[in-house]
Amino acid sequence: MRVTINGSPREVPDGTTVAQAVRILTSATTGVAVAVNDEVVTRGSWDTTALGDSDRVEVLTAVQGG
């Protein structure tokens, strides 16, 4: 199925979860937020929230700096 992750079209297997999509982009385990189709997905739901065809996923990672 085709989804858009951070503005880039990607082919992912049917049943791909939010957690799996996050791992495509980053190995960070903290400081990450996700929205699917403009709706925030809580971290506790990442493993059980499956993506659908044409979903738009935004993965945001906090960056520390000064």
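Modeller: **The helix and its cover**

In helix H1, which spans residues 18–25, the buried residues are Val18, Ala19, Ala21 and Val22; buried denotes under 20% relative accessible area, exposed over 50%, and partly exposed the range in between, with a 1.4 Å probe and protein chains only. These four lie on the same side of H1, because they cover an arc of only 160 degrees around the axis, the arc being that of the directions from the helix axis to the C-beta atoms. The cover over the buried residues of H1 includes strands E1 (2–5), E3 (32–36), E4 (39–41) and E5 (56–61), where contact means heavy atoms within 4.5 Å.

The model is predicted: local features need pLDDT of at least 70 and side-chain atom pairs count only at pLDDT 80 or more, whereas totals for chains, interfaces and linings use all residues. Residues are numbered from 1 along each chain as its sequence is written, and side-chain values use heavy atoms, with hydrogens and water left out.

Helices (H or I, at least four residues) and strands (E, at least two) are DSSP runs, numbered from the N terminus. Of the 66 residues of the chain, 32% count as buried. Among contacts between residues at least 6 apart in sequence, 51% join residues at least 24 apart. The C-alpha atoms fill a box of roughly 40 × 25 × 20 Å along the principal axes.
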